[in-house]
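Subject: Structure for you to look at

Hi,

Here is the structure I said I would pass on. Have a look at it first, and then read my notes below.

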Amino acid sequence: MKLTVVDRSIVALFISVCAVVIAKALDMQGDAGVIPIFVSVLGVITCIFLLVSTFSSEYSQTATCTVNWYRFGVLSGFIVLLLLSMNWLGALIAIPLFLLASFVLLARVPALVAISLTVGFTVVIYLAFIWALEVPLPLGVLEPWLDS
Amino acid sequence: MDYLLNAIATVFTFEALLVLFLGTLAGMIIGMLPGLSSTMGVALCIPITFNMPPELSLILLGAVYVSSVYGGSVTAILLRTPGTDASIATSLDGFPLTSSGRGAEALGIATIGSLFGGLFSTLALLAIAPLLSKVALAFGPQEYTLLALGGLITVIGVVSDIPVKGLIAAIAGLMLATIGLDNFTGAQRFLFDRPELIDGMPLLPVLIGLFSVSQAFNLCVPVAGRVLDENTKLRFSGHFPYFHDIKRCLRTMNRSSVIGTIVGILPGAGTSIAAFISYNEARRKSKNPENFGKGELEGVAASEAANNAVTGGTLIPTLTLGIPGNAVTAVFVGGLTIHGLIPGPQLFTDFADITYTLIMSLFLANILFAVLGLILSRHLVHVTRIPGALLGPMILIFSIIGTYALRNEMFDVWLAALFGVIGYFMERWRFPTAPLVIAMVLGPILEVNFRRSMQISDWDLTVFFTRPISLALVCMIVAAIAYPVWRHLKHKRALNQVNPVN
């Protein structure tokens, strides 16, 4: 995707957000909406500047960064699964599963290396955060054993 | 003088030195870990100090505070994952230096800069604390409004190669800063039915998301992603910066230490503003301003000297007036009161022994983290050899646990993940992330003080020009905007004279 297309899409999105903010801020009591309105108006003006500049020949030559959508999707999916499972499965099960899957599928290291790294890192997490710093991470199904 | 001698005697006991060493090491590690901040480090140590004598407690808290600010620079330089906003400016030049195989040199100059700034501000704390506190007291809402505005403008100018995009990022940050209950009217603003947002958009999850989680994406998403550029080797021969490099950076470190100390004294301004103002000044005064942002040692020295100088600076109003300059010193005040030490002028009279012990321990902590930093940086630099797809998930887990530990809320973790994705694409699409975060920090200061000024003056904007300090700040802001524009126009005119066709 070209940077000009991305920027024009962002301009459209940002102007829409600013319009919603202004509409909501107008209904706020007292002077609570003054700053949101001021900031949004400034946002609209800045977006117009960006929109105008995307039409310059110099701007259209600006290089854009490519994204490996497959790997991005896999990592994002893993993160969503990790966060969803942390509460009921427990951090000490969800985290190693996430690490193992990431090491095998994204880093493509041999299974034995991945398992060693996962176990080692999980032990560090347990010792540093749960045992030493007493961070109350969700323990999930392990709660009956670890809580005591 | 007696107080000082007693303090020196106390600091050089075995227990004090042991606490100092452990505190410095712990602070460095906390600062290095992406997701753990100085505030969190000091807060985590307060329960440990419950059963300790007040002198040792303050030595521990002080050591953790100063060394964690330095520790943040290590990950900012090696991995571009600053644990706090204090090290964002450091990563601008530190990470490009690492990418080009000069990570050890960057760490070396960061250590020297941090030591320089830390010692300077501790000296200021010792020598001129009461005098400078009086200057800070003269600041009213107008001055704070202008200070926040100036900080914001500086940041946009510094980090954006396309300033309009920097401005849009800053506006997005200001919008996020308006979320939550309004302090003046109690109105609910943009809460989206989420009670977690009543106190405002939490800063640290956003910060961790934009800088740490996005870096995990940067490392994992490319097939061969890694911290170090392909085909580049770590230059261990440049482990310590060359003498001429240190000499070249000396003036910058001097200037940045002064800026850091002064900014630290002003409550609310914080380490990030000091680092960015110093970075901007270093670039402005440099013979090679075009190298900034691409891997310039002077940039690292400026940022690190300034953010470490803030540590002593923030303690000046905290200890003498009881006004904490930032979140860390607010936690620090909590640590003091646990031991019956009420911050204020009596700390320098009734509890002078303890207070001067703290100040002396800060001197030692600064020297200790510099020694440890120089020894450990040789080993820490190997982190850059780890493949990105191995390092990325580990950074992500630290970030997630660090975010969760702030309030034990999964909402914060989701927020960090969301801002991680936003940060990843902002970088891809050349929107700088620093203005967004800084605007989130400065937004509330700007809004509260602007509205307070307007209430006092009955919406008369000339109030910003009637006080000498605010007028001076207005002049500085105008100069900060006008100077780069004037220089750009001058450069363009010179180019036109050389090549009239363009």
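What percentage of the 148 residues in chain A is made up of buried residues? The share comes to 23%. Before I go on, please keep in mind that this is a predicted model.

Chain A

Let me stay with chain A for a moment. Its secondary structure amounts to 7 helices and 0 strands, and reading from the N terminus the elements go α-α-α-α-α-α-α. For its overall shape, the C-alpha trace spans about 60 × 45 × 25 Å along the principal axes. The radius of gyration of chain A is 24 Å, whereas a compact globule of 148 residues would come out near 15 Å.

As for contacts inside chain A between residues at least 6 apart in sequence, 59% of them join residues at least 24 apart.

Where the chains touch

The contact draws on 46 residues from chain A and 39 residues from chain B. On the side of chain A that touches chain B, at least two residues each come from helix 1 (3-26), helix 2 (34-53), helix 4 (69-89), helix 5 (91-105) and helix 6 (111-132) of chain A. Which helix of chain A gives the most to that side? That is helix 2 of chain A, with 10 residues. Sorted by class, the side of chain A that touches chain B holds 34 nonpolar, 9 polar and 3 charged residues.

Chain B

Now for chain B, where the secondary structure comes to 19 helices and 2 strands. Of its 502 residues, 60% count as buried. Looking at contacts in chain B between residues at least 6 apart in sequence, 80% join residues at least 24 apart.

Have a look at helix 9 (residues 203-220) of chain B. This helix has 18 residues and reaches 25 Å from its first C-alpha to its last, close to the 26 Å expected at 1.5 Å a residue. Helix 9 of chain B also has a kink of about 35 degrees, centred on Gly209(B). Why is helix 9 of chain B described as largely enclosed by the rest of the structure? Because 17 of its 18 residues are buried.

A few single residues

As background, most residues other than glycine have a negative phi. Phe192(B), however, has a positive phi, near 55 degrees. Phe192(B) sits in the loop between strand 2 (188-189) and helix 9 of chain B, and it is exposed, with 7 other C-beta atoms within 10 Å.

The other one is Trp459(B), which is not a glycine either but has a positive phi of about 60 degrees. You will find Trp459(B) in the loop between helix 17 (434-457) and helix 18 (463-466) of chain B. Is Trp459(B) buried or exposed? Trp459(B) counts as exposed, because it has 12 C-beta neighbours inside 10 Å.

Last, there is Ser99(B), in helix 5 (residues 88-99) of chain B. Ser99(B) is partly exposed, because 18 other C-beta atoms lie within 10 Å. From C-alpha to C-alpha, Ser99(B) and Ile401(B) are 28 Å apart in space, and they are 302 residues apart in sequence.

Best wishes

Key. Residues numbered from 1 in each chain as written. Chains lettered and ligands numbered in written order. Predicted model: local features only at pLDDT ≥ 70, side-chain atom pairs only at ≥ 80, totals over all residues. Contact = placed C-beta atoms within 7 Å. Helix = DSSP H or I, 4+ residues; strand = E, 2+ residues; numbered from the N terminus. Nonpolar A, V, L, I, M, F, W, Y, C, P; charged D, E, K, R; others polar. Buried ≥ 20, exposed ≤ 12 C-beta atoms within 10 Å, placed from the backbone. Rg over C-alpha atoms; globule rule 2.2 N^0.38 Å. Expected span 1.5 Å × (residues − 1). Bend = angle between axes of the 7 residues up to and from the residue.
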